[in-house]
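Reader: I would like to learn how to read a few backbone and interface features in a model of this kind. Could you take me through them one at a time?

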Amino acid sequence: MVERNLKSNILMMKKLLVFTLIMFVFGYALVPFYEKFCEVTGINNLLQPDVLAKDNWVDEDRWITIELDANTRGLPWQFKSLQTSVRIHPGESVNVMYEITNDTDREISGQAIPSYSPRFLEKHLKKFECFCFTKQVLKPHETRQMPVQFVIEPGLPADIDTVTISYTFFELPGGASTATE
Amino acid sequence: MAAVHGDAHGHDDHHPSGIMRWVTTTNHKDIGSMYLWFSFTMFLIGGFLAMGIRAELYQPGIQILEPELFNQFTTLHGLIMVFGAIMPAFVGFANWQVPLMIGAPDMAFARMNNWSFWLLPVAGSLLVGSFFVPGGAAAGGWTFYPPLSTQGGLGVDLMIFAIHILGASSIMGSINIITTILNMRAPGMTLMKMPMFVWTWLITAYLLVLVMPVLAGVVTMLLTDRHFGTSFFNAAGGGDPVMFQHIFWFFGHPEVYIMILPAFGIVSEIIPTFSRKPLFGYSSMVYATASIAILSCVVWAHHMFTAGMPAVGQLFFMYATMLIAVPTAVKVFNWTATMWRGSMTFETPMLFAIGFIFLFVIGGFSGVICAIVPIDIQVQDTYYVIAHFHYVLVSGALFSLFAGAYYWMPKWTGNMYNETLGKWHFWLSMFFFNLTFFVQHFLGLAGMPRRIPDYNLQFADFNMISSIGAFGFGLTQLLFLYIMISCIRGGEKAADKPWDGATTLEWTHLPCPAPYHSFEKPPIVK
């Protein structure tokens with residue numbers, strides 16, 4: 001009786017340990033699942049170009065000021081936008097230029113992460129071309145000018161007349177390109 | 001009563017004496033007692049931190065704790081109370097009661113049981129010790145969201161290791177409990193004849209093995225983000241800090257049910273005993289517990305309504321959360337129906353159990369209010385949320401622990417506790433608890449944010465009331481300590497069945513105190 005009990009207890013323990021291990025792996029599996037989920041549903045879509053809605057139109061009666069901001073964090077680059085702000089009509093295609101310079105004697109790769117104000121601007125901002133879609137690799141003392149092309153949809157709430165688009169460059173660990181795959 | 005003494009035949013308790021008895025013990029009763037003492041110690045430490053928080057908030061302005069230290073106090077108060085006090089206390093109850101209530105001689109894996117306990121003091125000292133390392137303890141809140149937790153100092157690493165160890169301990173404990181319950185029940189005790197406390201623990205233990213490994217995973221990711229160059233939660237490296245919140249709350253929401261389901265079990269034992277009626281709707285209780293456990297796994301994002309989520313997601317998590325109110329209401333209904341026309345008496349365990357129902361319902365309702373997305377966006381991170389979860393954790397989980405301790409003390413020690421002092425303990429706890437936390441609803445609705453050591457003058461009066469209540473509540477718990485110690489040391493001898501409405505095996509088949517080795521020959525359950 002006792003012997004049989006011990007055997008079935010140990011079998012039970014093994015099953016539960018395997019289950020525990022599966023759940024530990026499941027915790028890690030949530031990471032690619034989360035990324036895939038965000039990609040499929042279009043939430044948090046930082047690296048893919050957007051598609052403009054077919055019924056887009058230009059609201060000639062309205063002006064929006066776009067302030068352009070550029071920062072670096074933890075990497076020795078000069079990063080600036082060539083205009084500080086642009087005035088546009090919602091719905092029209094806008095082209096702005098940014099410039100990065102590597103002041104050091106080594107090759108550095110960086111990734112830009114966008115940030116918007118107000119936060120819900122993201123829903124109305126359609127980007128077709130951006131240096132933030134891929135990592136940027138700069139040779140020593142190289143300078144590069146990069147365009148961003150986008151449309152702010154006319155659906156942006158009427159009380160908003162100024163928005164800010166900000167980019168921050170982060171250094172990627174040597175050769176690694178986790179963000180751009 | 002002949003049956004009562006059937007198992008009490010004299011054993012030689014051939015265990016080492018002194019400290020080595022406790023270090024080497026594999027006896028479920030010894031280990032249960034150690035769990036309870038450990039959790040009470042942690043409860044006092046966590047309580048000391050709470051007193052510090054309330055002392056700082058007694059008046060507006062910074063008087064006692066600098067903001068950095070205040071943040072460490074709130075963080076460690078949460079971590080210690082959740083992982084150090086409430087959870088081990090319930091495991092302590094499980095260790096003592098599960099074998100006694102199902103007629104098993106001991107836990108399934110006695111040596112592993114010893115190990116799961118002795119991991120706890122290690123983790124506890126890591127947490128407490130983190131106050132004394134450079135940079136101090138973790139200060140980013142008990143939920144340790146990045147980026148604060150990826151940036152903090154050595155204290156955060158100690159916290160991560162403590163959580164790893166506590167997780168390992170919990171998982172081993174749960175494996176032990178599941179195996180004991182499924183494999184070692186007395187002949188005749190079918191699953192649907194098990195006492196409710198055993199049922200709730202079986203389901204809780206499954207929840208633990210389900211989500212504790214996920215917590216272990218998420219803190220491991222945090223650790224590798226901090227020290228090994230990964231970027232799980234670092235936006236610059238392609239990670240996402242919001243993903244941490246999703247994974248954390250995938251653990252965190254079942255965790256709150258891990259802390260309340262055994263409480264439901266304790267209350268479901270006590271209410272029938274003192275109403276002298278069987279539990280109303282036993283099988284619906286079992287199904288309600290199971291459905292709460294299942295639903296608890298699909299509601300996690302209600303903690304993140306303001307973190308950015310599509311409206312569809314908010315709606316799903318809102319309705320799923322509100323759905324949990326249904327099985328919970330079934331339970332409250334059943335407890336009330338058990339008392340209906342019962343011949344009730346109001347000894348201390350019953351008082352705490354009724355206080356539990358009364359106050360837990362308040363906490364449950366404020367939970368439904370917080371589930372409503374537009375309201376949650378207003379009250380998130382305010383004192384309203386603090387009030388809500390202290391109503392379910394203090395007057396919920398903690399009150400049930402008090403109720404259970406008074407209820408089973410005669411079985412554990414063979415002595416009756418002091419009923420008069422017990423009643424004082426209840427009424428003082430009841431009064432001071434509400435004084436502390438009821439006013440926090442008003443503070444939250446008025447917009448006072450949590451985790452801030454200073455506040456606007458308009459909040460001054462309610463904060464002073466709340467702090468006075470907190471000091472009173474804290475002091476009252478020393479009375480509990482006194483009552484327990486004097487009960488262990490002596491007091492009126494308990495009859496073998498001091499509660500005449502009790503029907504479970506530990507009361508019907510064992511004397512008081514329960515012998516060191518019990519049910520070596522399993523009882524037959526009809």
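This is a predicted model: local features need pLDDT of at least 70, side-chain atom pairs count only at pLDDT 80 or more; totals for chains, interfaces and linings use all residues.

Author: Let us begin with how elements are named: helices (H or I, at least four residues) and strands (E, at least two) are DSSP runs, numbered from the N terminus.

Reader: Which other peptide bond in chain B is cis, and where does B:P147 lie?

Author: The bond from B:P146 to B:P147 is cis, with omega near 10°, and B:P147 belongs to the loop between α5 (110–129) and α6 (148–151) of chain B.

Reader: What is the phi of B:R341, and is the residue buried or exposed?

Author: B:R341, a residue other than glycine, has a positive phi near 60°, and it sits in the loop between α11 (311–339) and α12 (348–371) of chain B. Because a residue counts as exposed with 12 or fewer C-beta neighbours within 10 Å, B:R341, which has 9 inside 10 Å, is exposed.

Reader: How should I read the contact between the chains, and how many residues does each supply?

Author: In general, the size of an interface is often given as the accessible area lost when the parts come together. Here the contact is described by residues, 28 from chain B and 26 from chain A. On the side of chain B that touches chain A, α8(B) gives the largest share, seven residues, and by class that side has 19 nonpolar, eight polar and one charged residues.

Terms used
Residues are numbered from 1 along each chain as its sequence is written. Chains are lettered from A and ligands numbered from 1 in the order in which they are written. Two residues are in contact if their C-beta atoms, placed from the backbone, lie within 7 Å. Ala, Val, Leu, Ile, Met, Phe, Trp, Tyr, Cys and Pro count as nonpolar, Asp, Glu, Lys and Arg as charged, and the others, Gly among them, as polar. A residue is buried if 20 or more other C-beta atoms lie within 10 Å of its own, exposed if 12 or fewer, and partly exposed in between; C-beta atoms are placed from the backbone.
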